[in-house]
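I opened the model today to look up how its elements are put together. These are my notes, in the order in which I checked things.

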Amino acid sequence: MSAEEAEEPRITVSFATSGVTCTAPAGSSLLRTSIREKGGIPWKCGGGICGTCRCHIDAGLEHTDKVKPKERKHLTEEDLAGGFRMACQTFVSGDVTVSWTPRATGPEGKADGKASATS
Ligand code: FES
C-alpha cells in the first residue's frame, strides 16, 4: 500500500530497438529508465558529455522536456527537429517510443553493421 505509487502518474516507455516496454513515473529521465528497466539505450557518461546516448524519439516527442544546451553540442537543429535527443538529458512526461543505432561495441559483441548513417 504505497501512497506514493498510487498517486504518481505512470507513463509507458517503449524501447523500439530492444523491444523492451516498461512503465515509469512521469518526469523520469529517459536514460535512467532505460538503465533501470534494461531498455538498452547505449550510454557512457550520463552527463551530456560523451554523446553516446543519442536516440530518436519515434513517438511522443511532445512528451519530452526542453532541449538542454549540452544536447546542442551533439545534435544539430536538423537532428532536433527530426526527433533526436540525448537520452541522459531528456525527461519524459508522457508515453514515448525511442530507438537508437545499435553499437558494435556492446558486451554482446555485434551490431550487424547495416546501421545506416545518414549521408
Ligand atoms: S550518456 Fe554521455 S551524453 Fe548521454
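Which strands does α2 lie across, and at what angle does α2 run to β2? I found that α2 lies across β1, β2 and β7, running at about 120 degrees to β2, where axes are lines fitted to C-alpha atoms, for helices over the stretch in contact, and angles run from 0 to 180 degrees between N-to-C directions.

Ground rules. I am working from a predicted model, in which local features need pLDDT of at least 70 and side-chain atom pairs count only at pLDDT 80 or more, while totals for chains, interfaces and linings use all residues. Residues are numbered from 1 along each chain as its sequence is written. I take helices (H or I, at least four residues) and strands (E, at least two) as DSSP runs, numbered from the N terminus.

Confidence. I looked up pLDDT, the predictor's confidence in each residue from 0 to 100, and its mean for the protein chain is 88, with 82% of the residues reaching 70 or more. Over residues 108-119 pLDDT stays under 50, and the model has seven contacts beyond four places in sequence for this stretch; a contact means that the C-beta atoms of two residues, placed from the backbone, lie within 7 Å. Where pLDDT is low, predicted coordinates should not be read in detail.

Overall layout. I noted four helices and seven strands in the protein chain, which follows the pattern α-β-β-β-α-β-α-α-β-β-β along the sequence. Of the contacts with a separation of 6 or more, 57% are between residues 24 or more positions apart.

The sheet. I traced five strands forming an open sheet in the order β2-β1-β7-β4-β5, with mixed pairing; strands pair if DSSP finds at least two bridges between them. Because β2 and β5 (84-86) stand at the edges with a single partner strand each, one side of each is left without a neighbour in the sheet. From one strand to the next the twist averages 35 degrees.

Pairings. I checked β1 (residues 10-15) against β2 (residues 20-25), and these two pair in the antiparallel sense over six bridges, with F15 standing opposite V20 in β2. They form a hairpin with four residues between them, and G19 in the turn has a positive phi of about 80 degrees. On β7, by contrast, β1 has a parallel partner joined by three bridges, and there the bridge partner of F15 is V98. Three bridges also pair β4 with β7, in the antiparallel sense, and S99 in β7 is the bridge partner of H56.

In α2 I listed L30, L31, T33 and S34 as buried. They cover an arc of only 160 degrees around the axis, which puts them on the same side of α2; the arc is that of the directions from the helix axis to the C-beta atoms. The buried residues of α2 pack against β1, β2, β3 (28-29), β6 (91-92) and β7. Just after α2, I saw that K38 takes a positive phi of about 55 degrees.

The core. I looked for nonpolar cores, meaning sets of buried Ala, Val, Leu, Ile, Met, Phe, Trp, Tyr and Cys residues joined through C-beta atoms within 7 Å, and the largest has 18 residues, with L31, I41, C53, A87 and V98 making the most contacts inside it. The elements giving it two or more residues are β1, α2 (30-37), β4 (54-59) and β7 (96-99), and the largest share, three residues, comes from β1. Residues up to four places away aside, I41 touches F15, L31, S34, C53, C55, A87, V98 and W100.

Why does I11 count as buried? I11 does so because it has 20 C-beta neighbours inside 10 Å. Beyond four places in sequence, I11 is in contact with T23, A24, A26, V92, G94 and D95.

Definitions and conventions. Buried ≥ 20, exposed ≤ 12 C-beta atoms within 10 Å, placed from the backbone.
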